[in-house]
Amino acid sequence: MTTTPDDERWMDVALDLARDAAARGEVPVGALVIDEAGTIIGRGGNAPVASSDPTAHAEIAALREAARARGNYRLPGCTLVVTLEPCAMCAGAIQHARIARLVFGAHDPKTGACGSVVDLMAEPRLNHHATVTSGVRADACGALLSGFFATRRGR
C-alpha cells in the first residue's frame, strides 16, 4: 500500500517511543495506535527486560492501551504504526484486535511475520488481514536498531 504523509509523521512519534525504550536498555521498538479520527489512543515501547515479560513488546503495549481507551479489545478502523516489522506474536495480536492497517518501518529478517520470514497478514486461512504498508522511515528505524546492537556488542 502507498505511504501517506501522516505515516511519516506518526512514525516520528513511534521513533521517539523507540528511543525511550533504548534509554531504558530495551531493544528500541516503538508503536502507536491511531483511531479513525487521527488521534493516538495507544502508545508503547519495548519493555520485556524491565517487566520480565516476553509479551511486553511495543505493539502489545500500544494495543492494550488502545483497547482500554476504547473499552473493547477490538479496534476496527484503527492503524498500528511500529518501527520494526511485527513478530508472529504481535501479528497475531494485531489480527485479534482487528486492526485495519499496519504501518511499519524496518523489516525484520530474523523474526518478521509480515513479509520477511512469514506473512501472517496474507495467510488466507486466517480470518482477518490488516492492510500493510512497510518501509516507512526504514533507514531511521534500522539505524536506531543497528546503533543499539552495535553499542551492546561494544563497537
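Biologist: Which residues does Leu 32 touch, not counting residues up to four places away in sequence?

Modeller: Contact means heavy atoms within 4.5 Å. By that criterion Leu 32 touches Trp 10, Val 13, Ala 14, Leu 17, Ile 40, Gly 42, Arg 43, Ala 62, Thr 79, Leu 80 and Val 81. Before going on, note that this is a predicted model, in which local features need pLDDT of at least 70 and side-chain atom pairs count only at pLDDT 80 or more, while totals for chains, interfaces and linings use all residues. Residues are numbered from 1 along each chain as its sequence is written, and side-chain values use heavy atoms, with hydrogens and water left out.

Biologist: Where is Leu 32 found, and is Leu 32 buried or exposed?

Modeller: Helices (H or I, at least four residues) and strands (E, at least two) are DSSP runs, numbered from the N terminus. Leu 32 is found in strand E1. As for accessibility, buried means under 20% relative accessible area, exposed over 50%, and partly exposed in between (1.4 Å probe, protein chains only). Leu 32 has a relative accessible area of 0% and is buried. Its C-alpha atom is separated by 8.0 Å from that of Trp 10, 22 residues apart along the chain.

Biologist: How many residues does the largest nonpolar core have?

Modeller: A nonpolar core is a set of buried Ala, Val, Leu, Ile, Met, Phe, Trp, Tyr and Cys residues joined through side-chain atoms within 4.5 Å. The largest one here has 36 residues, and Val 33 and Ile 99 have the most contacts inside it. At least two residues of this core come from each of H1, E1, H3, strand E3 (79–84), helix H4 (88–96), E4 and H5. H1 supplies the largest share, five residues. Outside its sequence neighbours up to four places away, Val 33 touches residues including Ala 62, Leu 63, Ala 66, Leu 80 and Ile 99.

Biologist: How many salt bridges are there?

Modeller: Side chains of opposite charge can pair when their charged atoms come close. The rule for a salt bridge is a side-chain nitrogen of Lys or Arg within 4 Å of a carboxyl oxygen of Asp or Glu. The count comes to six salt bridges. In one of them, Asp 7 pairs with Arg 101, with the closest N and O atoms 2.7 Å apart. This pair links distant parts of the chain, Asp 7 being in helix H1 (residues 5–23) and Arg 101 in strand E4 (residues 101–106), 94 residues apart. Asp 7 is buried at 2% relative accessibility, and Arg 101 is buried at 13%.

Biologist: Which parts does the salt bridge of Arg 137 and Asp 12 tie together?

Modeller: The N to O distance in that salt bridge is 1.9 Å. Arg 137 lies in the loop between strand E5 (131–134) and helix H5 (138–152) and Asp 12 in helix H1, so the pair ties together parts that are 125 residues apart in sequence. Arg 137 is partly exposed at 30% relative accessibility, and Asp 12 is partly exposed at 33%.

Biologist: How many disulfides does the structure hold?

Modeller: A disulfide is a pair of cysteine sulfur atoms within 2.5 Å. The structure holds zero disulfides. For Cys 90, the closest cysteine sulfur is in Cys 87, 3.8 Å away and too far for a bond. Cys 141 is in no disulfide either, the nearest cysteine sulfur being that of Cys 114, 14 Å away. Cys 90 is buried at 0%, and Cys 141 is buried at 1% relative accessibility.
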